[in-house]
Amino acid sequence: MTIDGRAVLSLAGFHVLNPATELVMAEAPDCTAKQLDEAVASARRAAPGWAGLSLQKRQAYVKQIGETISANVEELAQLLTQEQGKPLNDARGEVQRAAFWCSEIAKLEIPVLTLADSDTELVRVYRVPLGVVGGIVPWNFPLALAMWKVAPALLTGNTMVLKPSPYTPLTTLKLGEMLRDVLPAGVLNVISGTDALGPLMSAHPGIDKISFTGSTQTGRKVMASAAVNLKRLTLELGGNDAAIVLPDVDIEELAPILFWAAFRNNAQFCLAIKRLYIHEDIYDRLTQALIRLANETRVGPGSEESVQLGPVQNRLQFERLKDLLEDTRRNGYRILVGGQLSARKGYFFPVTLIDNPPETARVVQEEAFGPILPLLKFSDIDDVIQRANNSEYGLGGSVWGRDEDQAMRIARQLKTGTVWVNEIHTIVPNKPLAGHKQSGVGVENGEEGLLEYTVPQTVSLKRATQRVLPAPP
Ligand code: NAD
């Protein structure tokens with residue numbers, strides 16, 4: 001681990017498995033409560049000096065984090081594929097995106113709002129850092145999602161304690177090691193641990209904010225324990241994104257776009273298409289095109305360059321998917337393609353398409369977070385909007401159709417933080433990403449996301465020439 005700028009060992013460790021082989025590939029340190037205290041104390045010690053640097057200096061540091069990542073793409077990507085399972089090319093893409101995030105966030109300014117500037121008064125609203133931020137990250141995009149937190153938190157003058165998922169700690173620990181000589185000691189502490197560590201962080205009185213990405217279920221727990229010192233929170237949680245496909249689309253052109261928007265990263269993607277609503281006029285043709293793509297997809301170990309989808313990341317997730325499949329079979333919903341598990345080692349799960357199950361089916365209602373996709377038929381626009389909105393989640397959604405006005409009208413009626421029209425997953429540092437309903441609290445990215453790492457400080461000055469004494473009470 002990296003605590004106070006130094007390498008720190010833990011007495012206890014835990015196994016990290018390669019999901020393609022189910023073999024132990026490494027032992028990661030299990031941070032003790034005392035070591036967490038040390039990491040928090042180190043971040044607190046570093047905070048005043050870091051916040052006191054000029055913005056230009058912090059921008060330069062965040063840029064340097066990006067450059068460090070860029071200089072080590074191959075090493076980080078190899079490690080990421082081994083622990084996470086994703087194909088090497090996707091891992092390289094993730095590492096490059098993590099670097100890109102840093103270089104883009106490093107260009108941002110922290111706005112100062114001037115509410116009044118006259119002969120009599122000056123009123124400004126500054127944005128000041130919160131102090132110590134705890135970053136808690138999931139296993140689907142370990143490095144990219146970590147940088148979504150690290151870059152804005154450090155830029156705005158906070159210091160950090162960062163914790164990757166116990167399933168994928170290695171790439172993040174490695175980056176912590178690479179940054180020891182880049183950042184001042186204590187500014188970015190990177191720790192790892194088993195299930196007990198996250199709750200210790202969210203309840204820690206020395207942490208001022210938790211920025212959490214993970215499941216809605218865990219997000220609720222984080223929110224409850226953060227009450228201890230009224231921590232600020234950003235929670236980016238689960239999703240069950242609907243895509244609505246209108247009858248006038250170009251099926252051949254669209255099919256691969258929809259397919260990969262659902263299955264990239266083995267559908268372990270918060271904003272993946274998880275319910276695909278297809279107009280009845282094109283349902284059969286689009287379904288056939290998707291089946292063809294499913295049959296052509298190469299599933300295998302991510303370390304093989306030709307592989308397009310790796311294994312599911314962990315056993316728990318694999319078992320959840322098997323359970324969803326079992327439920328689908330038990331209820332007699334038709335499986336169009338996939339559904340057969342091989343006997344090979346590794347958490348390999350075939351791309352599976354389900355033919356128009358009812359809205360009440362678990363595979364429709366639940367976030368599968370794996371390669372099982374329900375295809376759902378609709379005929380009426382108002383009805384499909386209502387079905388798309390019938391979810392406790394409100395993360396993202398998409399609308400596909402040639403009539404842009406109609407598509408925009410539908411988009412505006414979806415109750416989600418992001419809606420794409422005739423494009424998808426154009427996720428960039430300057431677009432805010434918010435979860436509506438139980439998909440989250442707060443925002444990541446964009447200026448709003450940056451400001452979540454600050455609190456407003458309103459400073460009012462009465463100009464000397466106009467000074468008046470306060471009235472007696
Ligand atoms: P998870 O909730 O199981 O774990 C996320 C992180 O929280 C891990 O680091 C874990 O160790 C930690 N944790 C577990 N219990 C904790 C507790 N009680 N207190 C504090 N921390 C705790 O999620 P996961 O399975 O790793 O990730 C998958 C989920 O993440 C999916 O629901 C997905 O939709 C969501 N996700 C959301 C976004 C987004 O931006 N909205 C992005 C990626 C993933």
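This is a predicted model: local features need pLDDT of at least 70, side-chain atom pairs count only at pLDDT 80 or more; totals for chains, interfaces and linings use all residues.
## Helices and a strand around the ligand

Helix α7 (197-202), strand β10 (209-213) and helix α8 (216-226) each give the shell at least two residues.

The shell also draws on two domains: at least three of its residues come from domain 1 (2-237 + 439-459), and at least three come from domain 2 (241-421).

## Who's in the shell

In total, 28 residues surround the ligand. The closest ones are V137, S215, T218, L237 and E367.

## Polar contacts

Some of the contacts involve oxygen atoms of the ligand. V137, already named among the closest residues, uses its backbone here: one of its polar backbone atoms is 2.8 Å from a ligand oxygen.

T218 is another of those closest residues, but here the side chain is involved, with a polar atom 2.8 Å from an oxygen of the ligand. W139 also brings in its side chain, placing a polar atom 2.9 Å from a ligand oxygen.

## How covered is the ligand?

How much of the ligand does the protein bury? On its own, the ligand would expose 860 Å², and the protein buries 88% of that.

And where does the ligand sit? The space it takes up is the largest pocket.

Note on methods
Residues are numbered from 1 along each chain as its sequence is written. Side-chain values use heavy atoms; hydrogens and water are left out. A residue is near a molecule or strand if one of its heavy atoms lies within 4 Å of it. A polar contact is a pair of N or O atoms within 3.5 Å; within protein, one must be able to donate a hydrogen and the other to accept it, and residues adjacent in sequence count only if both atoms are side-chain atoms. Accessible areas come from the Shrake-Rupley method with a 1.4 Å probe; for residues, only the protein chains shown count as cover. On a 1 Å grid over the protein atoms alone, a cavity is a set of points where a 1.4 Å probe fits but cannot get out, and a pocket is an open set with protein on both sides within 12 Å along at least five of seven lines; lining residues have an atom within 4 Å of a point. A molecule sits in a cavity or pocket if more than half of its atoms lie within 2 Å of its grid points. Helices (H or I, at least four residues) and strands (E, at least two) are DSSP runs, numbered from the N terminus. Domain bounds come from an automatic or database domain assignment.
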